[in-house]
Amino acid sequence: MADRNILRIEQPGEIQYQSTLIQTESANVLVYESWGGHDMKHGRLRYSQLSMNNGKIGADTPRNLKIGSDSAVVTSLSKITLNSIDWLYYIEAKSFNAEASLFRAKLDAGKLIEQEAVLLTFPIAPSSNIRLHLIDGNKVALVFTGKKCCELYFSISDDGLIFNRPSELGNTGFMPFLSSFPGGEIVYFFQKSIHTSKTQPSGKPVYITKTHFRISSNLGNTWTETVPINLIDVTVHDAKAVIRLDGNIDVYYVYPIQEDRGLSLWRRCLNPHGQLGSEELVVDPSFGNIAKPTPHRLKNGELLITFVEQGKVVLEGYHNLHAAIISRDANCHFEQDGSDQ
């Protein structure tokens, strides 16, 4: 469990979403997406330097990251390490639904330097939720939802600056995320609306949002069939993944522990064959209504997890960023083969 030392990074005013972590020999800098409100009219990047010692975590005063741009929206943050250099990828746009441009830059003393435009042959918007991930040693892959919702796409770049024409995943959905295994298999997470066995008083089916995944062993040329992250008949979403120390993946996601309660943070192990381990509760449900988890592997092998607490009413809550240290990976028990790692 991660609730013994949960640190609140931000305070009311703005709302936060995903984060990334820049680790150097002398500093741990958390960079994250922050919005002026639930109307999503103004988005920017902020950062805070973290201190971590014996499972305890501290943070200095959050600051705005200097971009050198007057764009109304700066968001969709990903970190890619190429040739030992940490690059921050992000997009800029005039509004949440407007066409956006993708850039990358280096972080230096609270500002972005050496900005480079990334060439895309396809339109994206902040609503595309574009995410990038390093695959096959030094290639950069990206996933996104089409600007005209809701086809899912995948593209690869050999140098991180020019991306090939994207291929369709063959599913509709949103909030995509990409991860990979040390053996080269890549896994594409996304969430989509599905109908449940429940019905409304009118007789119409009740729909929920459910996280699914597909795995590719040939750099996205073909994918396995779609698999839900669990079979519970409630909304399950916001999936993010991190590579485990044993080479499998831990997936972090949220859903309510009981009907009509707030969202709780869960995780489970996933292997390259698509087998899922047992679910584990990460934060005690009494902490609040949790969303947008992002796990980061620390150099000492532990995990930093960030998430937001939304409040009882999502569009009225503070939606502020929190962080905690997790000392170990999830238990990795696969029922089909009986292994326990």
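A disulfide (a pair of cysteine sulfur atoms within 2.5 Å) joins Cys 149 to Cys 150, with an S to S distance of 1.3 Å. The structure is a predicted model, in which local features need pLDDT of at least 70 and side-chain atom pairs count only at pLDDT 80 or more, while totals for chains, interfaces and linings use all residues. Residues are numbered from 1 along each chain as its sequence is written, and side-chain values use heavy atoms, with hydrogens and water left out.

The torsion about the S-S bond of Cys 149 and Cys 150 is about 45 degrees, so this disulfide is right-handed. Cys 149 is exposed, at a relative accessible area of 56%, whereas Cys 150 is partly exposed, at 23%. Here buried means under 20% relative accessible area, exposed over 50%, and partly exposed in between, with a 1.4 Å probe and protein chains only. The structure holds 2 disulfides, and the other cysteine pair described here is Cys 269 with Cys 332, at an S to S distance of 1.9 Å. The link of Cys 269 and Cys 332 is left-handed, with -45 degrees about the S-S bond. Cys 269 lies in strand β21 and Cys 332 in the loop between β25 (320-326) and β26 (333-334), so the pair ties together parts that are 63 residues apart in sequence. Strands (E, at least two residues) and helices (H or I, at least four) are DSSP runs, numbered from the N terminus. Both Cys 269 and Cys 332 are buried. With the bonded cysteines of the protein chain numbered in sequence order, the pairing is 1-2, 3-4.

Ser 278 is located in the loop between β21 (263-270) and β22 (280-281). Its relative accessible area is 37%, so Ser 278 counts as partly exposed. Beyond its neighbours within four places in sequence, Ser 278 is in contact (heavy atoms within 4.5 Å) with Arg 267, Arg 268, Asn 331 and His 333. The C-alpha atoms of Ser 278 and Arg 267 are 8.5 Å apart, and the two residues are separated by 11 residues along the chain.

An open sheet is formed by 4 strands in the order β15-β16-β17-β18, with antiparallel pairing; two strands pair if DSSP finds at least two bridges between them. β15 and β18 (227-228) stand at the edges, each with a single partner strand, so one side of each is left without a neighbour in the sheet. β15 and β16 run antiparallel and are joined by 5 bridges, with Phe 177 opposite Phe 189 in β16. The hairpin of β15 and β16 has 5 residues between the strands, and in it Gly 184 takes a positive phi near 105 degrees. In β15, 6 of its 7 residues are buried. Strands β16 (residues 186-199) and β17 (residues 205-216) are antiparallel and joined by 11 bridges; Lys 192 has Lys 210 in β17 as its bridge partner.

The largest pocket holds about 770 Å³ of space. It is lined by 27 residues, of which Thr 20, Lys 79, His 133, Pro 295 and His 296 lie nearest its centre. Elements giving two or more residues to this lining include β2 (15-23), β7 (73-82), β15 (174-180) and β23 (290-297). On a 1 Å grid over the protein atoms alone, a pocket is an open set of points with protein on both sides within 12 Å along at least five of seven lines, and lining residues have an atom within 4 Å of a point.

Technical notes: On a 1 Å grid over the protein atoms alone, a cavity is a set of points where a 1.4 Å probe fits but cannot get out, and a pocket is an open set with protein on both sides within 12 Å along at least five of seven lines; lining residues have an atom within 4 Å of a point. Grid points are joined across faces, edges and corners, and a volume is the space filled by probe spheres set on the points.
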